[in-house]
Amino acid sequence: MSTLPRLTARLAVITSFAALLAAACSPDSNGPSSPALSAHRQGGGGGGGTPAASTFTVLGQAAVSCTDGSITGAVGTFQATPPGAITLVRCLAGSTHIGDAAAIAAFNAFLTQYDALAPRVGDCDLAHTLLSTIPASTSLSPGVYCTGAALTATDVTLTLDAAGNANATWLFKIGSSGPAGTGALTGTNFAVLLANGAQACNVNWWVSQAATINTTTTPGTVFQGNILAGAAITTTGGTLNGNAWAGAKADVTGIRVGDVTTTGTTVTGCANAGKGNGDGDEDDNDDGDHDGHRGKGHHHHDKDKHHDKDRDHDKDKHHENDKHGGDDRNG
């Protein structure tokens with residue numbers, strides 16, 4: 001007679017477990033999820049969704065300042081007022097977001113991408129390791145390039161040659177990663193030219209510390225590519241074709257500091273930035289394939305091809321059925 005109560009108790013436990021499992025698997029669950037999954041959901045795109053970093057041209061940790069220039073695209077800060085602030089003086093810019101939900105989501109997506117692109121052992125061989133000072137005239141093919149320390153370019157013209165591949169990508173890793181990592185990017189009259197199909201939005205500059213780009217003697221100097229900086233970004237004069245995201249790196253106490261200051265600079269953002277592994281795939285996977293999922297995008301492409309074939313096959317079958325049905329009706 002005691003079997004029924006025990007069976008009832010077991011069923012209650014099973015039902016409770018099933019309810020917990022369903023809640024954990026629900027897309028609306030408020031439970032923790034991996035940063036990569038969160039970033040993927042934020043960047044998935046669709047109207048009405050929370051913008052990820054790629055929808056912002058300029059992101060600063062606390063402040064953004066633009067004087068006598070222009071910013072094509074949204075501008076945001078992680079911090080709300082105060083201390084968050086966006087100052088535009090004779091500067092045309094897109095929408096501004098001071099510590100609102102869109103800006104916070106974008107900044108968090110930026111942090112995820114910054115960490116994903118950080119230097120790792122084996123990223124660059126000797127041929128892809130840059131000296132601390134770039135020669136006055138240099139041409140580089142697509143790939144991942146590392147410095148391990150600061151990079152200084154004064155009166156330099158760097159040409160990025162895609163060799164006819166419009167999907168070619170470049171990823172420059174300036175300095176070392178981690179809270180104690182160092183390495184700033186300093187460019188004075190540093191012109192980056194694009195050749196043979198190269199695209200500015202396929203160029204990314206990961207910088208351990210601050211990035212400073214000054215154009216003093218040649219007002220038309222253009223710097224190409226998205227800057228993802230651990231500390232501040234400062235530009236003076238010239239043109240930046242790419243996004244400027246600053247303040248990703250936390251110090252040993254966990255504090256992040258990094259503002260964006262542009263003076264007399266024309267900034268034109270990229271809609272899909274912070275990606276590109278240097279091999280022309282334009283995916284988020286490193287050349288070193290650290291996550292073990294190389295070629296995942298190509299598998300989806302194959303699925304799409306099979307789907308298209310199936311759809312065309314179904315169309316042909318329906319067409320044949322309609323044709324035979326028409327013959328029957330006419331007969």
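**Notebook: salt bridges in a predicted model**

I began with Lys173, which forms a salt bridge with Asp123, and I noted that their closest N and O atoms are 2.8 Å apart. I then looked up where the two residues sit: Lys173 lies in strand 11 (residues 170-174), whereas Asp123 lies in the loop between helix 3 (101-117) and strand 8 (137-140), so the pair ties together parts that are 50 residues apart in sequence. I kept in mind throughout that this is a predicted model.

I then checked how many salt bridges the structure holds, and the count is 2. The other entry in my list joins Asp68 with Arg90, the closest N and O atoms being 2.5 Å apart. Asp68 belongs to the loop between strand 2 (63-67) and strand 3 (70-72), and Arg90 to the loop between strand 5 (85-89) and strand 6 (92-93), so this pair ties together parts that are 22 residues apart in sequence. For accessibility, I noted that Asp68 is partly exposed, with a relative accessible area of 41%, while Arg90 is exposed, with a relative accessible area of 62%.

Finally, I turned to the whole protein chain, in which I found 4 helices and 21 strands. Of its 331 residues, 37% count as buried. I also recorded that the accessible surface of the chain comes to about 17200 Å², with 57% of that belonging to carbon and sulfur atoms.

Note on methods
Residues numbered from 1 in each chain as written. Predicted model: local features only at pLDDT ≥ 70, side-chain atom pairs only at ≥ 80, totals over all residues. Heavy atoms only, no water. Salt bridge = Lys/Arg side-chain N within 4 Å of Asp/Glu carboxyl O. Buried < 20%, exposed > 50% of the residue type's maximum accessible area, 1.4 Å probe, protein only. Areas by Shrake-Rupley, 256 points an atom, 1.4 Å probe, with all protein chains shown as cover.
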